[in-house]
Amino acid sequence: MSLIGRSIDQARRDIRTRLEAAGIESPELDARLLLGEVLQLDLTGLATAAARPLTANEAAALETLIRRRIGGEPVARLLGRKEFWGLSLALSPATLVPRPDTETIVEAALARLQRDGRADDRLRIADLGTGSGAILLALLSELPNAQGIGTDINPDALRTAAHNAAALGMSGRTGFVACDYAAALRGPFDLIVSNPPYIPSRDIDDLAIEVRAHDPRLALDGGADGLAAYRAIIPAAFERLAPGGVVVVEVGQGQDIDVARLMAEAGFDTSAPAKADLNGVPRASMGRKPFI
């Protein structure tokens, strides 16, 4: 059924039905987001204008987005942005879509800094493989006296991160450097964070289409055992952290033990257990550099 002339409310219900029939997990939410994008209306605006009929141009734009969504393209890619830690972040083909699980890294890092009484200090933070800048910018939004550097091997990702920093008024507190993890950085840092690629190469083709077909493979592929990035990041973090400094990294399901071992081998204190995400999966592994 054509959407031309359908009211906004009728169109929302039609889109939901089509998405649901295609097996989309959140058809109601996606329908509202796609309508809001095309009509440039928020939830309140959609409700207020519920009886207004769609124009031919609006219907055509919606049809394009619906087909792309049914084809497996994530809503965040269709909108070109994603909310993370309450921040609206622009995306690009060079960046991962930030996921709620990754907020566990922010939570773990903030909790450690608060426990150490350092949340108000003039901290230096490094985010290795920053992508959209999600983790770094979330931390800076909570740490008003901190400054941070984000690195990424892809200059396009760095441009996206810098754009997000500017949009959030954080350009003066951030810097972005093109390099492989920490290769171009000099310490000391107080906190190093990272969401590195950790999917074993053989498993990537089994991921959901939203991930395998639309997230950059470079940001997913963790090598044969999924641990290649940690072998580079963890020793580099130890060298660049100040005594008492902390590294927090995202890990995949079942990787927390191996990552803790790598941290211990590098000299970190790993007595703090990995913090679990909302599904109970250990997600944020932490190490602290000893003072001596």
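I took contact to mean heavy atoms within 4.5 Å, and I took helices (H or I, at least four residues) and strands (E, at least two) as DSSP runs numbered from the N terminus. I kept in mind that this is a predicted model, in which local features need pLDDT of at least 70 and side-chain atom pairs count only at pLDDT 80 or more, while totals for chains, interfaces and linings use all residues. Residues are numbered from 1 along each chain as its sequence is written, and side-chain values use heavy atoms, with hydrogens and water left out.

Helix α11. I looked up the buried residues (under 20% relative accessible area, 1.4 Å probe, protein chains only; exposed is over 50%, partly exposed in between) of α11, residues 256-266, and found D256, V259, L262 and M263. They lie on the same side of α11, because they cover an arc of only 125 degrees around the axis, the arc being that of the directions from the helix axis to the C-beta atoms. I noted I257 and E265 as exposed on the other side of α11. The cover over the buried residues of α11 includes α10 (228-240), β7 (241-250) and β9 (282-288). Just after α11, I found G267 with a positive phi of about 115 degrees.

R112. I located R112 in helix α6, residues 103-115, and noted that R112 is buried, at a relative accessible area of 13%. Leaving aside neighbours within four places in sequence, I listed V246, A272, M286 and R288 as contacts of R112.

S7. I placed S7 in the segment before α1 (8-21), where S7 counts as buried at 12% relative accessibility. Not counting residues up to four places away in sequence, S7 touches A50, A51, R52 and P53.
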